[in-house]
Amino acid sequence: MAQEPDEMQALREHLLHRWMTWGITPLVACAVIALLLAAWGPVGPVSGKQATRLAFEIVLGVGAAVFLAGFYLDGHWTDADRLARHIFRAAGGDESRSPLSWAQSAAHRSALQSNAQIALRSIRASADSITLMGVAIGLTAIVSVIMGLPVMHAIQLLLLGLCYQLFVLSRHPYYLQLAEAALGGELLPKEDDDDGKSS
């Protein structure tokens, strides 16, 4: 059982390190570049209220699309029931029995624990991917300055990027809870409601 705290600590460190190096650091770098370009860079081609509004809607739309894509992908890749079903099958779970009943056996619980890496791999992959995706929002701030949009628009995009990274950080407790359940052999698929519906 000493392995479980080590695995949890390693996951905590991985998540925080990736968030800082792949999320916050690139966002700060994008902010510095955008502000330097706004202060000393060439004037972009976009001018006029209508053109400025349309250009901002485009870059804001790209940033919002990245945010929504990250939200969707993370929800899919780290869905507890989906991961539980993968682990249950890999552990040789009996599909005809209730997962809770099947997992009562010590051997079956041990099989679930030995396949916990399925969940941990998915958590790491999802967290790494969505954290890195946030860089695209920071890049939209740089693009907006290059296009000639006012610096306030770039700041708004950077704030969107910060909100995105805070969303990523807010997922960390869920990841750790999911990993703890998997390592403890307690991550089980939902019970089918067929019996309840038929009665």
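Helix 6 and helix 7 (residues 135-147) pack with their axes 4 Å apart, at an angle of about 5°; axes are lines fitted to C-alpha atoms, for helices over the stretch in contact, and angles run from 0 to 180 degrees between N-to-C directions. The two helices, helix 6 and helix 7, are therefore roughly parallel to each other; angles under 35 degrees count as roughly parallel, over 145 as roughly antiparallel, 65 to 115 as roughly perpendicular and the rest as oblique. This is a predicted model, in which local features need pLDDT of at least 70 and side-chain atom pairs count only at pLDDT 80 or more, while totals for chains, interfaces and linings use all residues. Residues are numbered from 1 along each chain as its sequence is written, and side-chain values use heavy atoms, with hydrogens and water left out. Helices (H or I, at least four residues) and strands (E, at least two) are DSSP runs, numbered from the N terminus.

**Helix packing**

- Thr-131, Leu-132 and Met-133 of helix 6 meet Val-135, Ala-136 and Ile-137 of helix 7; contact means heavy atoms within 4.5 Å.
- By class, this contact of helix 6 with helix 7 has five nonpolar residues, one polar and no charged. Ala, Val, Leu, Ile, Met, Phe, Trp, Tyr, Cys and Pro count as nonpolar, Asp, Glu, Lys and Arg as charged, and the others, Gly among them, as polar.
- Helix 7 also packs with helix 8, at an angle of about 175° and with the axes 8 Å apart. That makes helix 7 roughly antiparallel to helix 8.
- On the helix 7 side, Ile-137, Thr-140, Ala-141, Ser-144 and Val-145 take part, and they meet Ala-154, Leu-157, Leu-158, Leu-160, Gly-161 and Tyr-164 in helix 8. The residues of this contact of helix 7 with helix 8 divide into eight nonpolar, three polar and no charged.

- Ser-126 lies in helix 6 and, at 0% relative accessibility, counts as buried. Buried means under 20% relative accessible area, exposed over 50%, and partly exposed in between (1.4 Å probe, protein chains only).
- Not counting residues up to four places away in sequence, Ser-126 touches Leu-73, Asp-74, Trp-77, Thr-78 and Tyr-175.
- Thr-140, in helix 7, is buried with a relative accessible area of 7%. With residues up to four places away in sequence not counted, Thr-140 touches Val-59, Val-62, Gly-63 and Leu-157.

**Nonpolar cores**

- A nonpolar core is a set of buried Ala, Val, Leu, Ile, Met, Phe, Trp, Tyr and Cys residues joined through side-chain atoms within 4.5 Å. In soluble globular proteins, nonpolar side chains tend to be buried together.
- The largest nonpolar core has 36 residues, and Leu-112, Tyr-164 and Leu-187 are those with the most contacts inside it.
- Two or more residues of this core come from each of helix 1 (3-40), helix 2 (49-77), helix 3 (80-90), helix 5 (106-114), helix 6 (117-133) and helix 8 (151-183). Helix 8 gives the largest share, eleven residues.
- Leaving aside neighbours within four places in sequence, Leu-187 is in contact with Ala-80, Leu-83, Ala-84, Ile-87, Ala-119, Leu-178, Ala-181 and Ala-182.

**Salt bridges**

- Side chains of opposite charge can pair when their charged atoms come close.
- Five salt bridges are found in the whole structure; a salt bridge is a side-chain nitrogen of Lys or Arg within 4 Å of a carboxyl oxygen of Asp or Glu.
- One of them joins the side chains of Asp-128 and Arg-18 (3.5 Å, N to O). Asp-128 lies in helix 6 and Arg-18 in helix 1, so the pair ties together parts that are 110 residues apart in sequence. Asp-128 is buried, with a relative accessible area of 13%, whereas Arg-18 counts as partly exposed at 22% relative accessibility.
- Asp-74 forms a salt bridge with Arg-171, with the closest N and O atoms 2.5 Å apart. This pair links distant parts of the chain, Asp-74 being in helix 2 and Arg-171 in helix 8, 97 residues apart. Asp-74 and Arg-171 are both buried.
- Between Arg-85 and Asp-81, which form a salt bridge, the closest N and O atoms are 3.2 Å apart. Both residues, Arg-85 and Asp-81, lie in helix 3, four residues apart, about one turn of the helix.
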